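Open the model in your viewer and keep the selection panel at hand.

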Amino acid sequence: FWIGFNMLDPVLGKNKPLRRAISYGMDRQRFIDIFYAGRGKVAHGVINPLMISYDPKVKEYGYAEYNVEKAKALLVEAEKVHGGKIPPLKVAMSGTGTFYRQYGQYLQKRFNDIGLEVELQFMDWPTYLEKQNKRDLQIFTAGSVMSIPDSEDMLQMFYSKNWSPGSNSFNYKNKDFDKLYEKVMVMDDSPERRELYREMEQIVLEDCPAAFTCHRIIYRIHHDWFGNYKQAAFIHGK
């Protein structure tokens with residue numbers, strides 16, 4: 001799950017300090033504790049922790065650090081980039097029910113704590129998708145479940161040829177990332193390919209088109225007499 005930024009937006013797209021400030025202002029573990037009763041893991045990067053290409057050092061890079069003081073310092077820099085005070089930001093919520101309203105209130109507090117004002121936009125799913133596909137959202141809450149047991153499934157969301165209405169709803173573009181993506185797409189699984197995945201992840205994390213929040217843990221219940229059952233690892237269940 002993540003808080004996505006529309007990289008075509010005139011306020012956010014060219015203001016990396018602003019995007020980084022928002023990321024530092026997210027208390028991911030508290031979000032997991034409140035909304036998932038602790039059943040989740042902080043997302044320090046893009047790649048699922050159960051993937052063979054997961055970088056065991058990704059936490060050390062600090063991209064998911066909760067640090068209000070760093071966020072406030074970056075916000076000062078962001079205002080210089082913007083040329084003045086950052087205007088109220090619009091955060092699109094992909095639902096209108098109780099969960100989404102409470103989630104929105106939580107995000108609003110996180111933004112306010114670092115000195116940013118937000119306008120929450122609660123939408124039904126069809127309206128949300130329509131606006132996302134038209135690249136009309138500024139900041140949006142979203143998530144995804146992997147459909148194949150390979151990290152390419154997540155990294156393809158940052159390939160520039162997949163811009164909205166494709167899977168790249170961030171409308172993110174980095175020529176170095178694209179070059180690596182096109183290279184790994186024709187490679188067999190190998191240690192070299194896994195290292196390239198990690199390099200691609202680093203590019204995305206450094207550019208910050210999203211503040212990744214958590215990997216949800218899904219539980220499956222079955223009778224003890226039911227044998228030969230194994231949860232698919234790539235949807236992070238247990």
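**Stop 1: a cavity**

In this predicted model, a search of the whole structure finds 3 cavities of 30 Å³ or more. Go to the second largest cavity, which has a volume of about 80 Å³.

Select Ser23, Tyr63, Leu205, Ala210 and Phe212: among the 13 residues that line the second largest cavity, these lie nearest its centre. Next, colour helix 1 (16–24) and strand 6 (210–212), the elements that give two or more residues to this lining. Which element gives the most to the lining of the second largest cavity? Strand 6 does, with 3 residues.

Now colour the lining by residue class. The second largest cavity is lined by 8 nonpolar, 3 polar and 2 charged residues.

**Stop 2: a helix pair**

Clear the selection and show helix 2 (residues 28–35) together with helix 4 (residues 98–113). The two pack with their axes 12 Å apart, at an angle of about 155 degrees. Angles over 145 degrees count as roughly antiparallel, so helix 2 and helix 4 are roughly antiparallel to each other. Their crossing is right-handed.

To see the contact itself, display side chains on both helices. What classes of residue make up the contact of helix 2 with helix 4? The contact has 6 nonpolar, 1 polar and 1 charged residues.

Technical notes:
Residues are numbered from 1 along each chain as its sequence is written. This is a predicted model: local features need pLDDT of at least 70, side-chain atom pairs count only at pLDDT 80 or more; totals for chains, interfaces and linings use all residues. Side-chain values use heavy atoms; hydrogens and water are left out. On a 1 Å grid over the protein atoms alone, a cavity is a set of points where a 1.4 Å probe fits but cannot get out, and a pocket is an open set with protein on both sides within 12 Å along at least five of seven lines; lining residues have an atom within 4 Å of a point. Grid points are joined across faces, edges and corners, and a volume is the space filled by probe spheres set on the points. Helices (H or I, at least four residues) and strands (E, at least two) are DSSP runs, numbered from the N terminus. Ala, Val, Leu, Ile, Met, Phe, Trp, Tyr, Cys and Pro count as nonpolar, Asp, Glu, Lys and Arg as charged, and the others, Gly among them, as polar. Axes are lines fitted to C-alpha atoms, for helices over the stretch in contact, and angles run from 0 to 180 degrees between N-to-C directions. Angles under 35 degrees count as roughly parallel, over 145 as roughly antiparallel, 65 to 115 as roughly perpendicular and the rest as oblique. A crossing is left-handed if the near helix is turned anticlockwise from the far one by less than a right angle, and right-handed if clockwise.
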